[in-house]
Amino acid sequence: MKKRNAKPFADRLKEQFSAYLLNHAHGLFSSLGRLSRTPYTSAMTLLVLSIAISLAGGFYIVVANIQQLTGNLQATNQMSLFLRDNVTEAAGLKLTEQLKQHDSIVDAKYISKKQALEEFRLNSGFADALKALDTNPLPSVIQVLPKNVLETKADIDKLQGEFKQMPQVEFVQVDMQWVERVQTIMQIAGRGVTLVSILLGFAVTFVTANTIRLELQNRQDEVFISKLVGATNAFIQRPFLYTGFWLGFLGGFLAWIIITVMLFIVESPVEKLSILYNASFELLFLSFTEFLSLLMIASLLAVFGAWVVLYYQLRILKPQ
């Protein structure tokens with residue numbers, strides 16, 4: 001008996017599931033059709049949504065590109081030991097080898113006066129002016145890369161004090177200070193993007209909610225008839241929720257187009273500026289994962305806005 005009843009039950013379950021999918025598919029595409037029948041209103045709503053979403057996405061990608069510039073700062077965090085004028089090159093090289101054996105140092109590099117002057121000549125643009133100098137004014141330098149430079153600031157301060165006590169060293173410059181400033185600025189920018197994104201997220205939610213509220217008022221007679229014949233609120237909500245989904249999805253897609261076009265516009269000047277500074281900087285665009293995240297977040301915010309207004313309006317909306 002159990003084997004005879006198993007197949008009919010499975011068939012009924014399959015039919016119910018197929019009907020469930022069919023109803024949702026009908027609601028999904030019928031809601032898109034309703035948007036297409038009011039092109040002006042839909043276009044204005046999508047324009048507002050896409051601008052709000054593109055602002056949030058634009059701020060995000062700008063910060064991501066700036067972070068790209070500071071992404072390799074840990075490799076450049078170093079301490080520069082400027083040696084006294086009376087320290088010979090042999091003494092400087094000997095001190096460099098001693099520093100390499102230090103437990104708190106990853107690497108040390110000696111730059112002689114001649115090398116420093118040559119680097120300055122190549123990078124400063126004052127090659128002709130340097131020819132007028134009788135002597136080399138630049139000191140010898142030892143560039144030291146400490147261990148865990150971003151994690152042990154107290155140890156760096158202690159190491160800096162140790163270097164200052166060396167008789168060969170005249171001045172110690174710690175590059176970690178400007179790195180910390182840059183990272184602090186990036187943290188502020190990141191939090192600013194988060195706050196702006198939250199505010200613009202509320203804007204997306206409110207715009208969608210207001211659009212769904214107006215559509216619900218225009219379709220009051222249809223809602224009343226549906227309630228009279230026994231339709232549940234969930235059934236009535238379904239096409240409106242799908243309308244909210246389409247508004248968020250299409251708004252997110254248009255926002256991605258706006259962001260991409262803006263990046264293409266500034267790509268050429270950015271590359272030119274990178275070449276002028278002898279840097280290899282490539283402008284970052286939204287990745288495929290970020291693109292999908294943009295669509296998902298925009299759609300969820302719009303659906304949430306639609307659900308909130310529907311939940312409230314359907315409770316107070318009763319047929320006369």
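Predicted model: local features only at pLDDT ≥ 70, side-chain atom pairs only at ≥ 80, totals over all residues.
Local features are given where pLDDT is at least 70 and side-chain atom pairs where pLDDT is 80 or more, while totals for chains, interfaces and linings use all residues. Residues are numbered from 1 along each chain as its sequence is written, and side-chain values use heavy atoms, with hydrogens and water left out.

**Overall make-up**

The protein has 11 helices and 4 strands; these are DSSP runs numbered from the N terminus, with helices (H or I) of at least four residues and strands (E) of at least two. Of its 320 residues, 34% are buried, where buried means under 20% relative accessible area, exposed over 50% and partly exposed in between (1.4 Å probe, protein chains only). A contact is a pair of heavy atoms within 4.5 Å. Of the contacts between residues at least 6 apart in sequence, 81% join residues at least 24 apart.

**Helix packing**

Two packed helices are described by the angle between their axes and the distance between the axes. Axes are lines fitted to C-alpha atoms, for helices over the stretch in contact, and angles run from 0 to 180 degrees between N-to-C directions.

| Helix pair | Angle | Axis distance |
|---|---|---|
| H9 and H10 | about 150° | 10 Å |
| H10 and H11 | roughly 145° | within 7 Å |

The angle of about 150° between H9 (residues 220–228) and H10 makes H9 roughly antiparallel to H10; angles under 35 degrees count as roughly parallel, over 145 as roughly antiparallel, 65 to 115 as roughly perpendicular and the rest as oblique. H9 and H10 cross in a right-handed sense, and so do H10 and H11; a crossing is right-handed if the near helix is turned clockwise from the far one by less than a right angle, and left-handed if anticlockwise.

On the H9 side, Val-223, Ser-226 and Lys-227 meet Asn-233, Ile-236 and Phe-240 of H10. This contact has 3 nonpolar, 2 polar and 1 charged residues. Here Ala, Val, Leu, Ile, Met, Phe, Trp, Tyr, Cys and Pro count as nonpolar, Asp, Glu, Lys and Arg as charged, and the others, Gly among them, as polar. The contact of H10 with H11 involves 18 nonpolar, 6 polar and no charged residues. Among them are Gly-244, Gly-248 and Gly-252 in H10, and Ala-298, Ala-302 and Ala-306 in H11.

**Thr-208**

Thr-208 belongs to helix H8 (residues 176–218) and is buried, at 0% relative accessible area. Leaving aside residues up to four places away in sequence, Thr-208 touches Leu-49, Gly-244, Leu-247, Ala-302 and Ala-306. Its C-alpha atom is 7.3 Å from that of Leu-247, which is 39 residues away along the chain.

**Aromatic pairs**

The structure holds 11 aromatic pairs. Rings of Phe, Tyr and Trp (its six-membered ring) pair if their centres lie within 6.5 Å; planes under 30 degrees apart count as stacked, over 60 as edge-to-face and the rest as tilted. Phe-264 and Phe-285 form a tilted pair, because their planes stand at 50°, with ring centres 5.0 Å apart. Phe-264 lies in H10 (residues 233–276) and Phe-285 in the loop between H10 and H11 (288–316), so this pair ties together parts 21 residues apart in sequence. Phe-264 is exposed at 52%, whereas Phe-285 is partly exposed at 27%.

Trp-307 and Tyr-311 are stacked, with 5.3 Å between centres and 25° between planes. They are 4 residues apart in H11, about one helical turn. Trp-307 is partly exposed at 38%, and Tyr-311 is partly exposed at 42%. Phe-253, Trp-256, Phe-288 and Phe-291 are linked by ring pairs into a cluster.
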